[in-house]
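Take this tour with the structure open beside the text.

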Amino acid sequence: DMLTGRKATFEGDIFIDATFEGDIAAWGGAPFRVGREPRSPEEPHAGHIYYDRANDRILPGSTGKGDKRIPSYAILLAVKDYGPGADKTIPQPPFYDKENYTRTPPWEKTWAYLYGRFPGGKFEINQHPQGSNLPGINYDYPTASWKRRDEIAERYKWHALGYLYYIQTELGLKNIGLAEDEYRDNGNVPPQLYVREARRIMGHVLMNESDVWKARERLRPDSIAIGDYPMDSHAVQPKTDWDSPDMGEGEFWLVNYTPWYQVPFGILLPLRLRNVLVATAVSATHVAYGTLRMEPVRMNMGQAAGAAAALALRYDTEPKRIPSRLVQEVLLRYGVYLYWFPDVTAETRGFRAIQYLAARGYFPEERFEPEKMLTRADAARWLAHRLRQGNPSLQYARPALPYADLPEDHPARRAVELLIAAGIIQPEETQFRPDAPISRGLFAQWLVGVMVKLGQWEPAPAQQARYLDVTVTPFAECTARGPGCYLVQLQDMTERRHLEQQLRQALKMEAIGRLAGGMAHEFNNLLTVINGYAEFVLEALPPTEAVRGDVQQIRKAGERAADLTRRLLAFSRRQPQQLALLNLNEVADGMARMVRRLIGESVTLELKLAPDLGQIRADMAQVEQMLLNLVTNACDAMPEGGRLTLATENVVLEGHEPLAAGEIAPGRYVALAVSDTGPGIPREYRERVFEKFGQVEAASNGQKFSTGLGLTFCRLAVEAHGGRIGVESEVGRGSAFWFTLPRKGPMAR
């Protein structure tokens, strides 16, 4: 506590720093900025500046140098006109000096009178350069103690009350007084200092001036809000030259440089912190922060931070690993805008879809016209625009166009050429019919084609067979109309069929597991006797006895058999797991050192290990056995040589729907993959590779081989640890076996 010096520890899975000062993120070690960046091509209004609002020009004497100065704060009083004859004069405040207010305008020309009205006949006083502001006394506020902050706030309070006293006495408006129904518990004065800017916490995205005034060029697919208030800054130094058109050094109001713009998710995600979101002191330069600090934008950023925090808790992951589209889906349900069209509101049909696609650049026009029929030409122009935005370096040779109704000067011709060159439109006719409505099916086909090109869509595999239960019964009500009238009912039984198959597989595996476990148990009893007597004999034999070597071989064989028994017991799940925190990088590295001596020169071993890999809680022996099984199979698949790759990575699995059988819950996982460049596995055999003693056919020569228990053990061991295993293979290009295990360990506090 910066006021009392007391210390306390607060723990939580996720923190949201909504302070003006960015205190929580800074205490956690996040980097931050205070003050002004220097002028640059990206920030023409940055640094030391005298700005002429009326003529939109930077005045002589502006150096553009960066510094630690910050805009003036204020106490924004709520006042009321109590009518002729009323006397609401307050006592003269401390530090009062009327010279601090003599340059303020008459009451009828103040900001409060012209723009600051609110219900109840009241006004908010926010006058500058003289009036509410007092530049220069707050430079140390962002990192000051709470006691010092209170001193600064107290000084601003007396300065604001001094301006009211000036209005009442020097301007003779005794009827203007503090609104008596506001802030009743604090003498009708706001209890909180209006902090325009303090720390700015540096995040994964830094928003600057050009990001705002070039917003139409700089698309933000990760948008979580929009804003349009002009970038502004109040003066950082008192105004001294009253003949100059500026409003004090550091003041600007960039109405000509602030179109509506998108707010990226990354400015809420502070660097160096894993479980903190920042909702107010976000990652931006001084100039850009001048629009982000506006209350409507702050409220939207706070809502986005709340959504991201809830999703991070739901998936047990860090906020930075939550895809922005998940945050967007939550926000869109509440009518938040990610993109602006003047003719689209939250009540517009298809609002969420329009916003989602617009944020990704699919609609270049300023108006959407939601009820207008979409023509084929419009669709082509929209999608070509998005393709160029998503891939600015895209080059293509202009194809020969078969369409007679798209002359050289047609506005959609270049768009259609691009989509044909990219393979999205397949020309099959001689007429394009640019003004004809496009069917929903064709538009969906074009749209997905563009998304595939931009890596936003992964084509799904061929559709699996569906199982239908068909019931046909005569329809009694129509028998009088003649024969052939039936009620046909179709029920999709695919999911049930799959569940039945999984149940049969589970029962079969359970039966084999019991058999293997029983045999291993009996075999283990025999091995205990064999290994025990081998030890007795070795102890009885002198070191020089010739048969001692033979007995040692018996003991080694017994130990290998005991190890096999242990694996069989693990396969039958009768062997308890010995769980410990492990790093798969270390396991893979150890395996690599071992297999390098075994694979020979014909197989190249490559490691691709994630440097920040998370830990897992697993049985070391089972994990090593799984990896050994996968590596052995990969080497067996490359008898003529090839490349063996071990790779690890952190993954976040998403999910919104109820889990189907065999699926694992969304959350944080660690993945390991073993890849080879062998012949690959044909599609019809891939689903059977994890069966016990199954027959799998190699793609190269049609030879069938048995999978034994190795891959089955891998599957059971992975599932016992709460993970998932799978295989990806393409004939002629090799195979990759992978498994994911839950990531463990506490998040940073």
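This is a predicted model. Begin with an open sheet of 4 strands. The strand order is S6-S7-S5-S8, and the pairing is antiparallel. Strands of a sheet pair through backbone hydrogen bonds, either parallel or antiparallel.

Which strands stand at the edges? They are S6 (117-118) and S8 (176-178). Each has a single partner strand, so one side of each is left without a neighbour in the sheet. Helix H3, residues 146-169, packs on this sheet. H3 touches S5 and S8. The direction of H3 makes about 155° with that of S8.

Now look at the pairing of S5 with S7. S5 covers residues 78-81 and S7 covers residues 122-124. The two strands are antiparallel, with 3 bridges between them.

Strand S17 (residues 579-582) pairs with strand S19 (residues 615-619). The sense is antiparallel, over 4 bridges. Here Leu581 has Arg617 in S19 as its bridge partner. S19 is also joined to strand S25, residues 734-744. That pair runs antiparallel too, with 2 bridges. Gln615 stands opposite Lys744 in S25.

Next come two helices. Two packed helices are described by the angle between their axes and the distance between the axes. For helix H15 (residues 620-636) and helix H17 (residues 710-720), the axes come within 9 Å. They cross at roughly 145°. The crossing of H15 past H17 is left-handed.

Which residues in H15 and H17 meet? H15 brings Gln622, Gln625, Met626, Asn629, Leu630 and Asn633. H17 brings Gly710, Leu711, Phe713, Cys714, Ala717 and Val718. By class, this contact has 7 nonpolar and 5 polar residues. It has no charged residues.

Finish with helix H8, residues 351-359. Which residues of H8 are buried? They are Phe351, Ile354, Gln355, Leu357, Ala358 and Ala359. Gln355 is therefore listed as buried because its relative accessible area is under 20%. The cover over the buried residues of H8 includes strand S13 (261-264) and helix H7 (324-333). After H8 comes Gly361. The phi of Gly361 is positive, near 85°.

Technical notes: Residues numbered from 1 in each chain as written. Predicted model: local features only at pLDDT ≥ 70, side-chain atom pairs only at ≥ 80, totals over all residues. Heavy atoms only, no water. Pairing = 2+ DSSP bridges. Contact = heavy atoms within 4.5 Å. Axes fitted to C-alpha atoms, helices over the stretch in contact; angles between N-to-C directions. Left-handed = near helix turned anticlockwise from the far one by under 90°. Nonpolar A, V, L, I, M, F, W, Y, C, P; charged D, E, K, R; others polar. Buried < 20%, exposed > 50% of the residue type's maximum accessible area, 1.4 Å probe, protein only.
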